[in-house]
Amino acid sequence: MNGDALLTLNAGSSSLKFGLFSASDEPKEQLSGVVSGIGGDARLRLKSASGESLLNEDLRDSTTHEDALREALRVLSDHHSIDSVRAVGHRIVFGGPEHSGPRVLNASVVTELESFVPFAPLHQPYNLAGVEAATQAFPDAVQVGCFDTAFHRSQGWLQDAFALPREWFDRGVRRYGFHGLSYEYIASVLRVEYPEVARGRVIVAHLGNGASMCALRDTVSVDSTMGFTALDGLPMGTRCGQLDPGVVLYMFDQLGMSAESITDLLYRESGLKGLSGVSNDMRELLSSNVEAAQDAVRYFVARIQREIGALSAVLQGLDGLVFTAGIGENSSAIRERVCEGLGWLGVSLRRDANDDGRQVISDSQSQVSVLALPTDEELVIARSAQALR
Ligand code: ADP
């Protein structure tokens, strides 16, 4: 690759996703990869822009995020020059109440983001470890933070507030919403490819291992199913989704469970995995004959339908419904089952288009345009890095 480059980083607790993009007006992905199993049996995968696997190797010595980044840069530089990296874009889960867009990560912004660690202790420290590692690796590059919460800062107090005493709002206990980079990407696709839909009342269903939905009016976020943390709303692969807080009090107070074990239960043992006892993976559940696996799928579909009803009420109607992320983009069965219960909203699916994996999957009678679109959070990060470098 000739010319300037951008690096994107998405650091989770045990993984580091990375991408190398050209630094052009519309960045183009050159290479992407992931180091998984950081701290344990780490493995590095690298693929080309066309999706061809270039590398899949054990990384026995990769125990920290710094190690993972060093290994990622080593394999990237085997294929491309990385001296030309001018900006590094970071996915940061929690941007707090003020940041409504990406920011250059100077010392004061990093200090502010560190102060948010108690709000997102399972994600924020790893995101910031990625910033630290990239700053050392590329001291002359601009570091740019792209926040999952930023897209939802357009929401009003009614959506942001919990009905707790007012001072809790001021102390930061609010609904922030997540998956903002995915919604921003979908909004950008709607504006360019489906402008009629974009101008209307739209629900985007981001259904992956993590899952949430967002109500858009004219591509601006007006409500979402996720709240203070990425636990709220829809049931997910291993997370419970909406839960009466009294359940947590019962576990803590009456059963004597520790905060750590409740955290583990709600984040890692619940959702599709907990309900099915089989797997957190939708493909496995759909092909399983175990009754509990089918119950888990039914539950997932029912909660999506329920929240679509709620978000449609917020929007006062519905013009578009977009499915995205691993399940939303790839599972025609889940899309069909969700839409089956939405006839009252004017949703009518075109079966063959849905089965063929087309983008527009509603029929000509449908009062709601139903779309299945791939998401691309990395491209949103790269665009932000390009804009702020
Ligand atoms: P993450 O939140 O980890 O980024 P993804 O967006 O990759 O997750 O989504 C992962 C989920 O998508 C898994 O439950 C997986 O089973 C599901 N999935 C991927 N392809 C299909 C498919 N063809 N049919 C059903 N589910 C699928």
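Guide: The largest cavity holds about 80 Å³ of space. This is a predicted model: local features need pLDDT of at least 70, side-chain atom pairs count only at pLDDT 80 or more, and totals for chains, interfaces and linings use all residues. Residues are numbered from 1 along each chain as its sequence is written, and side-chain values use heavy atoms, with hydrogens and water left out.

Visitor: What makes a space a cavity?

Guide: On a 1 Å grid over the protein atoms alone, a cavity is a set of points where a 1.4 Å probe fits but cannot get out. Grid points are joined across faces, edges and corners, and the volume is the space filled by probe spheres set on the points. The structure holds 1 cavity of 30 Å³ or more.

Visitor: Which residues line the largest cavity?

Guide: Lining residues have an atom within 4 Å of a point. Among them are Val-93, Phe-119, His-123, Phe-178, Thr-229 and Tyr-267. By class, the lining has 9 nonpolar, 2 polar and no charged residues. Phe, Val and Tyr count as nonpolar; Asp, Glu, Lys and Arg would count as charged; the others, Gly among them, are polar.

Visitor: Why is the pair Arg-383 and Glu-26 called a salt bridge?

Guide: The rule asks for a side-chain nitrogen of Lys or Arg within 4 Å of a carboxyl oxygen of Asp or Glu. The closest N and O atoms of Arg-383 and Glu-26 are 2.8 Å apart, so the pair qualifies. Arg-383 lies in helix α16 (residues 377-388) and Glu-26 in the loop between β2 (16-22) and β3 (29-36), so the pair ties together parts that are 357 residues apart in sequence. Helices (H or I, at least four residues) and strands (E, at least two) are DSSP runs, numbered from the N terminus.

Visitor: How many salt bridges does this rule give?

Guide: The count comes to 20. One of them joins Glu-377 to Arg-91, with the closest N and O atoms 3.3 Å apart. Glu-377 is in helix α16 and Arg-91 in strand β6 (residues 85-92), 286 residues apart.

Visitor: Is Glu-377 buried or exposed?

Guide: Buried means under 20% relative accessible area, exposed over 50%, partly exposed in between (1.4 Å probe, protein chains only). Glu-377 has 14%, so it counts as buried. Arg-91, at 14%, is buried too.

Terms used:
On a 1 Å grid over the protein atoms alone, a cavity is a set of points where a 1.4 Å probe fits but cannot get out, and a pocket is an open set with protein on both sides within 12 Å along at least five of seven lines; lining residues have an atom within 4 Å of a point.
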